[in-house]
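Hi everyone, thanks for coming. Let's walk through the sheets and a few aromatic rings in this one together.

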Amino acid sequence: MITNEENRRFHCLQHAVNHGVEAGRAGNQFGQKGVRAVVLPTVAAALMLVAAGAASAQTIYNPPQLPMDITVFPSRDFASIAGFSNNADVLVQVRRGGVVSDAVGRTNAMGAIEVNHPGGVCWRTVTPDITAGDTVRVTYRDTANNRTLVPPPVAGSGAATSTRNIVATQAFDPGDDTVVIKGKAILPSGSRIPLTRLEVRIVNSEFIDTLSSRISKREIRADRLGGRIDGPGGTPIPGTSGTLVYDSTTGTSFTATFRGLNADERQLAVSGQTRVMGWQQTTTAGDRLGMTIYEVGEIGGPGISGCPPGPQGVIASTPPSPPVSYSPTSLLEASFQGNQPSLKDVTVFPERDFISIDGIDPGTELQVVVRRGTTDKPVIGTARGIVAAGGVFEVNHPGGVCWTGQTPNILPGDLIDVLKVANGTFVSGQTQRVIDAKVTNPAYINADGNIRVNGTATDNGVALPLSFMEQRIINPDFTTTRIGRRDIRADINGGRVDNVPDGAGNLLRTGVSPSNQWRAVYTGLNATEKQLALAGQNRIMAWLSTNDNGDRFGLTISEFGEVGGPGMGACPAPGNASIAIP
């Protein structure tokens with residue numbers, strides 16, 4: 001029997017993100033940015049038959065009928081598609097009266113494809129500004145490839161999702177020990193969407209990682225039945241709830257209220273990403289069809305480097321804005337252990353030209369500078385802004401600020417300066433070098449049946465010690481297995497593969513000394529967990545210094561398969577201009 005939950009696992013896509021920074025922060029994270037579709041062995045054969053059994057006539061289902069699924073993320077002009085025939089050529093259209101834009105691509109081996117999201121395909125000609133009422137329609141194309149599929153899908157058949165009109169404010173703490181979200185949910189007729197087809201979520205991976213947090217999942221939920229705030233063991237935390245009600249008997253404004261959280265959990269909630277989920281239809285088994293996910297703080301436009309601009313066109317690159325006057329020699333270097341007590345967490349994601357800074361007091365003005373080389377014009381990137389509630393400041397990532405003038409192509413060896421500014425004047429700062437660490441061969445199953453990941457890591461021309469590295473494979477669907485968390489990790493101490501007897505992740509040196517090559521080897525995984533590892537995102541984390549507590553300073557996270565350029569709409573195009581420090 002194919003259960004409701006197994007069906008949902010089949011059609012949910014991963015992203016992350018991702019969102020998030022890494023996921024957890026205001027980035028992408030529907031299972032960062034969704035949850036990758038994975039067919040569990042117990043239902044694989046049945047789902048394959050259902051997915052392959054495309055319509056026998058040219059039929060387009062709106063909303064999609066299982067196993068087909070189309071989820072629309074209007075804030076990011078992004079569509080996540082699953083449950084179609086495996087390896088099939090499809091046409092994806094955004095329709096508003098006529099066709100606003102379209103995309104073509106081939107589904108993967110699990111019948112999934114994404115548009116305007118890393119790992120997916122671009123919209124053609126223009127990145128559409130998806131709005132309420134737009135229809136995202138997916139149909140099979142008439143191609144030689146599709147005609148060889150068994151059974152062949154009917155050209156022109158498929159499914160569609162009509163984008164729901166749902167919006168919300170960022171979660172806030174009104175000072176009465178609750179966390180509140182305000183929003184609206186409107187049907188095309190002008191009446192309100194039934195509460196039975198709405199859910200509000202706050203997503204923050206730090207719910208799990210913060211010591212004072214009792215929450216065991218990366219999200220908390222509010223709905224008409226009281227929501228869900230899970231604690232240890234996946235059971236609801238006593239005294240907590242997430243209620244969702246309309247503000248009047250006939251109006252379209254709603255309020256979601258989370259109760260029973262402690263002070264630290266409330267802070268994590270208001271600094272997480274707020275989402276509203278609205279769908280067109282619910283089956284008798286509880287499946288949600290025709291899903292729209294509105295993400296507060298996300299910005300639309302091209303979601304992948306190289307995708308076409310939005311309706312407003314490309315923001316041309318210009319030289320970066322000059323930073324405040326400062327001397328790089330006055331900055332604290334992250335590689336020097338003596339500076340550690342004064343350092344803040346600065347993480348560089350070079351593939352995405354993205355910087356994340358944590359642990360700085362909200363309200364602080366920051367300047368971020370990217371330097372390259374020792375010429376009299378070393379500055380290739382600058383950004384500036386105010387640290388928001390939660391103490392997180394991000395550059396070139398949804399919810400953060402853009403680079404000024406141009407988006408720099410951040411490379412190994414570049415220097416990242418983070419400066420505190422007051423009244424337009426430099427106060428203090430720190431600097432770190434981008435480490436040359438990368439995954440060269442993503443997760444694969446070796447002849448011995450174990451999962452392996454290969455890569456290299458060098459800093460300043462010297463092989464980086466293995467003790468300064470950690471490899472991770474991230475897939476939110478790991479949480480549906482005995483592992484119970486979204487990643488597995490490899491290091492010199494056996495890594496972390498939770499709840500798996502004899503499970504380990506060992507980081508090893510390969511090649512001839514003094515080699516910079518490394519290998520992560522994961523043992524103890526079952527067949528399903530191995531498939532999830534193959535479908536996950538591969539990362540290598542590398543840092544410049546550490547202490548006896550295991551804290552990491554000067555962190556670089558290299559993400560296999562990610563691409564750079566503007567990380568959100570309204571950010572400037574890449575550029576190569578350089579300027580002097582005033």
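**Sheets and rings**

Let's start with an open sheet of seven strands, in the order 22-19-18-35-32-28-29, whose pairing is mixed. Strands here are DSSP runs of E with at least two residues, numbered from the N terminus, and two of them pair if DSSP finds at least two bridges between them. Strand 22 (392–395) and strand 29 (487–490) are the edges, each pairing on one side only.

A quick word on the source: this is a predicted model, where local features need pLDDT of at least 70, side-chain atom pairs count only at pLDDT 80 or more, and totals for chains, interfaces and linings use all residues. Residues are numbered from 1 along each chain as its sequence is written, and side-chain values use heavy atoms, with hydrogens and water left out.

Now the rings. Rings of Phe, Tyr and Trp (its six-membered ring) pair if their centres lie within 6.5 Å; planes under 30 degrees apart are stacked, over 60 edge-to-face, the rest tilted. That gives four aromatic pairs. Phe73 and Phe78 have centres 4.4 Å apart and planes at 10 degrees, so they are stacked.

Thanks, happy to discuss!

Note on methods
Helix = DSSP H or I, 4+ residues; strand = E, 2+ residues; numbered from the N terminus.
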